[in-house]
Amino acid sequence: MLEPNGPLPPEIYWRRRVLAAVLALFAVLVVVLLIVFVGGGKDSSQNAASASSSAPTTSGGLPPSQAPDGADPSAANAGGGGGAGGAAGPASGGASASGAPSAANPSGAANPSGAGLPTPGAVVAGAPCPDANISVVVSADKATYTLGEQPTFEATVTNAGSVPCSRDIGTGQQQLIVLTLDGSKQLWSNFDCTFQPEIKNEVLQPGQQLRYKLQWAGTTSAPGCQAQRVPVAPGAYQVVAQLGAKRSAPVTFNIVRAAPAPATGSGEN
């Protein structure tokens with residue numbers, strides 16, 4: 001039965017049989033692929049629908065994993081309990097808006113825009129003045145002094161903030177310091193020998209200034225006046241003013257030797 005019979009050569013009949021077998025196999029393969037494709041598409045649609053219906057949502061319709069940046073996902077999940085009709089409860093954002101306390105709003109006050117929250121670094125009117133709100137500037141009455149002169153230094157303290165604030169401006173805070181030109185060594189301070197501390201708390205209005213000045217004898221000093229005081233040598237020095245811990249920028253001044261008096265000659269008559 002396998003041997004082809006007919007008027008044509010056997011090779012022709014074999015080729016026809018092979019071609020028919022290939023076509024039949026191709027048809028079977030197409031049918032199988034169609035079945036697999038249609039069945040897989042239905043399963044994917046059913047799985048997607050099942051996942052969508054079972055995923056918990058927030059009040060904005062987003063699952064917890066898609067909560068806005070900065071939100072606490074655990075807080076969003078906490079509001080998902082069912083109500084009387086089985087409806088989902090509000091998420092964390094809704095809780096803050098309705099007045100319930102949250103981690104970002106412990107008082108529970110409605111404040112969606114953040115208005116009214118204290119600004120970092122802001123000063124409440126009448127509160128103590130921080131150093132950042134105080135300006136201290138020092139000046140010398142002359143740029144150059146002759147050896148033996150006593151320079152006069154003046155400090156100007158200003159409330160550079162925008163609100164009134166309180167500050168201790170007593171003598172216990174008003175310091176003047178003379179340093180070497182490079183600022184590495186302290187030579188004199190009014191706190192060393194003639195220090196008389198006094199506390200004087202005062203409310204400074206914005207832009208209000210306080211001035212204090214002292215005369216320096218031109219000699220060295222040590223804390224507690226424990227060392228002998230000697231005149232400083234001619235040269236360049238720095239002076240700074242300080243109110244509490246707030247220090248001014250340094251100002252340079254010079255001390256020079258007095259010019260020699262001109263010699264008087266004796267003439268003959």
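How many of the nine residues of β9 are buried? In this predicted model, the count is seven, and the strand is accordingly described as mostly covered. Among contacts between residues at least 6 apart in sequence, 60% join residues at least 24 apart.

The pairing of β9 with other strands was examined next. β9 and β5 pair in the antiparallel sense over seven bridges, and within this pairing V178 stands opposite V239 of β9. Five bridges join β9 to β11, again in an antiparallel arrangement; here Q238 has T252 in β11 as its bridge partner. Strand β10, residues 246–247, is joined to β9 by two bridges and also runs antiparallel to it, with R247 in β10 as the bridge partner of Q242. β9 and β10 form a hairpin with two residues between the strands, in which G244 takes a positive phi near 65°.

A further hairpin is formed by β5 and β6, with five residues between them. In its turn, G183 has a positive phi of about 75°. Strand β5 covers residues 174–180 and strand β6 residues 186–189; the two run antiparallel and are joined by three bridges. V178, which stands opposite V239 in β9, has W188 as its bridge partner in β6. In general, the side chains of a regular strand alternate between the two faces of the sheet.

The largest nonpolar core has 26 residues, and those with the most contacts inside it are L176, V178, W216 and F253. Two or more residues of this core come from each of β1 (134–140), β3 (152–159), β5, β6, β8 (209–215), β9 (235–243) and β11 (251–256). The largest share, four residues, is that of β9. The surroundings of L176 include V138, F153, A155, W188, Y212, L214, V240 and A241, all of which L176 touches when residues up to four places away in sequence are not counted. L176 also touches S189 and N190.

N133 lies in the loop between α3 (92–98) and β1. This residue has a relative accessible area of 13% and is therefore buried, the cut-off being under 20%. Leaving aside neighbours within four places in sequence, N133 is in contact with V123, T158, N159, A160 and G161.

The structure holds two disulfides. C129 and C165 form one of them, with their sulfur atoms 1.8 Å apart; this link is right-handed, with 100° about the S-S bond. Because C129 lies in the loop between α3 and β1 and C165 in strand β4 (residues 165–168), the pair ties together parts that are 36 residues apart in sequence. Both C129 and C165 are buried.

C193 and C225 form a disulfide with their sulfur atoms 2.1 Å apart, and this link is right-handed, with 90° about the S-S bond. C193 lies in helix α4 (residues 190–193) and C225 in the loop between β8 and β9, so the pair ties together parts that are 32 residues apart in sequence. C193 counts as partly exposed at 28% relative accessibility, as does C225 at 35%. With the bonded cysteines of the chain numbered in sequence order, the pairing is 1-2, 3-4.

Terms used:
Residues numbered from 1 in each chain as written. Predicted model: local features only at pLDDT ≥ 70, side-chain atom pairs only at ≥ 80, totals over all residues. Heavy atoms only, no water. Pairing = 2+ DSSP bridges. Core = buried A, V, L, I, M, F, W, Y, C linked by side-chain atoms within 4.5 Å. Buried < 20%, exposed > 50% of the residue type's maximum accessible area, 1.4 Å probe, protein only. Contact = heavy atoms within 4.5 Å. Disulfide = S-S within 2.5 Å.
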